[in-house]
Amino acid sequence: MSEQRTSGTATVMFTDVEASTDVTTRLGDDAAAALLATHDTIVLDQVAAYGGHDVRSTGDGFLVVFDSARAAVSCALAIQRELIEREHAIRVRIGLNAGEVLGGGGELFGAAINLAARVMDRADGGEILTTDTVRQLVGTMPGASFRERGRVAFKGFAERQRLYEVRPADVRPQPPPSPRRPPRHSRRTLALLATAVLAAATAGVVAIGHDSGSTKAKAISVPANSVAVIDPRTASVVGVIRTDENPGPISAGAGGLWVLNLSSATVSRIDMRTRRVLETKGFDASLANDGAPGNVMASTREVWVSAAGCNGPGAGRLFHVFSAGDRGLGQTGNDAVQLAYAVVQPRSQSAGEYSNFGCGLAARGTSAWVATTAPTGIARVDYDRVAGRSLVTWGQPLRGLTDAIAVGHGSVWAVDSQHEVVRRLDEKTGRPQVRAIHPGSDPRAIATDAHAVWVANAGDGSVSRIEPGTNAIADSISAGQGPAAVATSGDAVWVALGDAGSVARIDPRTDNVTATIAIGHRPQGIAVADGLVWVTVRS
């Protein structure tokens, strides 16, 4: 048996996203993932600010321990307040209890934790419920009011528990006890990622005039090697964040925004609220011998970097670099998946020639789907939280390199620019579901929403709309020169136009371009999160 230890009396908080499955169904995988990433950022930032520790992911929420009951109540109020202020579409229910917490074998347990979970289950979205124990510990607290909700019987507890609903009073909750750096921003050194370089971001605000209907914004020069921040409400650039050299792929999730800087083979983590680079970490050159890092992708909990032969003939590896799990946002240690044997090449398929592409990557939950080059195909990798490592679940050989991958509508959608096709695979088994779909010329990027699959075609400057129900090309939309990346936000499709130096917004209801935002230089990657559009820009 593992040794048990008493952590002492503490206040336990459980959070949970209400109807998370319905959110994904309503918005689509990509938009829901961006929304959940913003939720994670809000919760983890407030937990860090109010001194929460022993943070554990529960799938759609978090378990957090506080030394102070008042700090726990203040944190819960701050989370709900910020969700309201940001007009966030996700509703979170929160339960609080206090008592003796036991720890052992890296886990937390005890009656206090079990009761906190039961209390959370009793709450509605947007509601905070607490036990009488917490109520007594808090006493009279400025910024909080307690409304009695009666006695409730819970399974596993002999006595009925008196519950209270916590509401904000006329003043806001007391501020955090100290302006310390959030603990989740300082983690143990990752073997795969080398020396941290903290980078301060330069944020500037610029306004761009626009007309109603189809808009073409005035030209503006966003600096090279930066992330441009676009407000979709005004179709204008509202901020600039400096990055390392040649920023490329960008993804939102796991409590932040992640940028792969291609020239320096580094990953930058950006705080979306402050718009600052929290840290930039580089790959050890010896780890990239099989192919330099070429793509980054974040789910709501995990962050993956692909060096699966992205720029070379070797099989390469998939790096699982960060996880929003045990103690907030931490590095995952030496968790890398060698892809040399992930896909078995059929005897009828020749090795073929390699190019600088074949670097597709997608992620959802604890799973990643990554393109392989030796042989060509796609592998699904799943992170086992109990074992603390990632394993290949399946490998599917494909004819041609996979440049981009999206997951949605129960399928994996793979873009092959060499053969100008999109392949649809079963996300659970990897088996092809239909014959290859032919979008526009030279397809390079792909994204999904609740209703369609969108493919950016660099050859003819178009965006193809695929109907998942029929696998047919429903429309081809002229977007602009050199589409390089595409992202969805539920009510819009955003396209980074590398050759045109701009970003196009498409209304999915009409399939018309309704705005073109001039960026300058060369947009490379695009992501939608926290109500904003984030675009990487290189020279």
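A: Here is a friendly tour of the salt bridges, pair by pair. This is a predicted model, where local features need pLDDT of at least 70 and side-chain atom pairs count only at pLDDT 80 or more, while totals for chains, interfaces and linings use all residues. Residues are numbered from 1 along each chain as its sequence is written, and side-chain values use heavy atoms, with hydrogens and water left out.

The structure holds 19 salt bridges (a side-chain nitrogen of Lys or Arg within 4 Å of a carboxyl oxygen of Asp or Glu). One of them pairs R162 with E148, with the closest N and O atoms 2.1 Å apart. R162 sits in strand β8 (residues 161–168) and E148 in strand β7 (residues 144–152), so this pair ties together parts 14 residues apart in sequence. Strands here are DSSP runs (E, at least two residues), numbered from the N terminus. R162 is partly exposed, at 24% relative accessible area, and E148 is partly exposed too, at 42% (buried means under 20%, exposed over 50%, partly exposed in between, with a 1.4 Å probe and protein chains only).

R149 and E165 form another salt bridge, their closest N and O atoms being 3.3 Å apart. That pair links R149 in strand β7 to E165 in strand β8, 16 residues apart. R149 is partly exposed at 36%, whereas E165 counts as buried at 10%. Both belong to a network of salt bridges that links E127, R147, R149, E165 and R167.

Finally, E279 bridges to K281, with the closest N and O atoms 3.5 Å apart. E279 counts as buried at 7% relative accessibility, and K281 counts as buried at 9%.

Key
Helices (H or I, at least four residues) and strands (E, at least two) are DSSP runs, numbered from the N terminus.
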